[in-house]
Amino acid sequence: MYFAKLEFFNPFSRSIKDRAVFNMLMKAKQRKEINGKNKLFEATSGNVGIAMASMSNILGVKFRAYIPKPTPKTTEILLKVLGAEVMRTDFETIDPTMVEFVKREAEKNNAINLNQFENEDNFEAHYKYTAREIDEQLRSIGKRPDVIVAGIGTSGHIGGLAKYFKERYDTKIIGVVPAKGEKIPGIKRLETKPKWVSKVEIDEVVEITQKEAIEGSIRIARREGLLIGLSAGAVARGLEKVRDKYTGTAVLIFPDDGFKYVEIFEKYFSEEK
């Protein structure tokens with residue numbers, strides 16, 4: 001039996017990143033690191049930036065998003081609608097070099113860099129809240145998770161889920177990453193050294209090509225009527241690749257919807273003609 005956690009019901013970025021950004025901002029505010037005079041700088045490929053731009057508006061804080069070169073134009077436009085200053089960089093992906101670059105830019109400009117890639121408040125959001133929510137939802141129908149399939153990006157959500165469920169059940173955790181040389185928005189290869197992967201137990205990592213991720217999104221759209229994003233499509237394809245190895249109740253984490261990726265879908269259809 002399969003269930004999908006539909007994170008595009010979160011209101012700001014329509015993604016799972018609302019959870020991490022809200023927790024990072026609230027904790028920073030509690031520590032008095034943020035006030036109306038601050039500026040926020042963050043490296044982002046999309047959803048964190050949109051969530052941070054949205055919540056910065058509520059807090060009255062100026063926000064600058066540093067995005068990698070391949071970021072879809074749609075994401076840049078949405079960030080600008082929200083009033084963010086957008087810096088499109090020459091980095092092909094958000095790797096440790098880009099993260100360090102944004103840190104230095106924040107220091108030079110007396111800005112705050114919450115740094116989703118290293119900030120423990122990211123991990124905490126998923127360990128304390130996302131995981132508990134999934135647990136409560138499953139228990140309400142008499143189920144427990146035998147398998148959880150999630151993408152590896154910052155590794156905040158897969159790390160938090162792995163720690164929570166491994167402490168309570170014999171849950172198998174399957175991570176999904178792009179295949180070598182491939183780019184899938186929201187997930188990254190292990191060579192980029194996501195912080196929390198090494199701190200938790202992940203049972204298996206599945207590699208997915210961008211084409212497989214796109215086709216996974218299309219398959220879910222045409223079978224379930226759900227317009228899911230590319231990392232969600234990758235998760236769906238990841239389960240297909242391993243489902244013969246595992247039995248019981250599986251939970252797939254679908255981080256966002258498909259609307260930000262129209263350009264990528266358009267390119268796929270034009271090439272498939």
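## Close-up views of a predicted model

**View 1. A charged side chain and a group of aromatic rings.** Arg168 lies over the face of Tyr164, at 3.7 Å from the ring centre. The structure shown here and in the views that follow is a predicted model.

View 2. A pair of aromatic rings is described by the distance of the centres and the angle of the planes. In this model the count comes to 10 aromatic pairs. Tyr66 counts as buried, at 1% relative accessibility, whereas Phe101, at 25%, counts as partly exposed. Another edge-to-face pair is that of Tyr268 and Phe269, with 5.5 Å from centre to centre and 65° between the planes. Tyr268 is buried, with a relative accessible area of 13%, while Phe269 is partly exposed, with a relative accessible area of 39%.

**View 3. The surroundings of Thr89.** Thr89 is found in the loop that runs between strand S4 (85-88) and helix H4 (96-108). Its relative accessibility is 9%, so Thr89 counts as buried. When residues up to four places away in sequence are not counted, Thr89 touches Tyr66, Ile67, Pro68, Lys69, Met98 and Phe101.

View 4. Strands of a sheet pair through backbone hydrogen bonds, either parallel or antiparallel. Here 3 strands form an open sheet in the order S2-S3-S4, and the pairing is parallel. Strand S2 (39-43) and S4 are the edge strands, each of which pairs on one side only. From one strand to the next, the twist averages 15°. The parallel pairing of S2 and S3 extends over 5 bridges, and Leu40 stands opposite Phe63 in S3. Helix H3 (residues 73-81) packs on the sheet, where it touches S3 and S4, and its direction makes about 155° with that of S4.

View 5. Side chains of opposite charge can pair when their charged atoms come close. Across the whole structure, a search finds 32 salt bridges. One of them joins Lys5 and Glu133, whose closest N and O atoms are 2.5 Å apart. This pair links distant parts of the chain, since Lys5 is in strand S1 (residues 2-6) and Glu133 in helix H5 (residues 120-139), 128 residues apart. Lys5 is buried, with a relative accessible area of 10%, whereas Glu133, at 29% relative accessibility, counts as partly exposed.

**View 6. A network of salt bridges that includes Glu212.** Glu212, Arg219, Arg237, Glu240 and Lys241 are linked in a network of salt bridges. Within this group, Arg237 forms a salt bridge with Glu212, the closest N and O atoms being 3.5 Å apart. Arg237 belongs to helix H8 (residues 230-242) and Glu212 to helix H7 (residues 210-224), 25 residues apart, and the pair links distant parts of the chain. Both Arg237 and Glu212 are buried. Glu212 also meets the side chain of Lys241 in a salt bridge (3.0 Å, N to O). As Lys241 lies in helix H8 and Glu212 in helix H7, this pair ties together parts that are 29 residues apart in sequence. Lys241 is partly exposed, with a relative accessible area of 40%, while the value for the buried Glu212 is 16%.

Note on methods. Residues are numbered from 1 along each chain as its sequence is written. This is a predicted model: local features need pLDDT of at least 70, side-chain atom pairs count only at pLDDT 80 or more; totals for chains, interfaces and linings use all residues. Side-chain values use heavy atoms; hydrogens and water are left out. Helices (H or I, at least four residues) and strands (E, at least two) are DSSP runs, numbered from the N terminus. Buried means under 20% relative accessible area, exposed over 50%, partly exposed in between (1.4 Å probe, protein chains only). Contact means heavy atoms within 4.5 Å. Rings of Phe, Tyr and Trp (its six-membered ring) pair if their centres lie within 6.5 Å; planes under 30 degrees apart count as stacked, over 60 as edge-to-face and the rest as tilted. A charge sits over a ring if NZ of Lys or CZ of Arg is within 6 Å of the ring centre and within 35 degrees of the ring normal. Two strands pair if DSSP finds at least two bridges between them. Axes are lines fitted to C-alpha atoms, for helices over the stretch in contact, and angles run from 0 to 180 degrees between N-to-C directions. A salt bridge is a side-chain nitrogen of Lys or Arg within 4 Å of a carboxyl oxygen of Asp or Glu.
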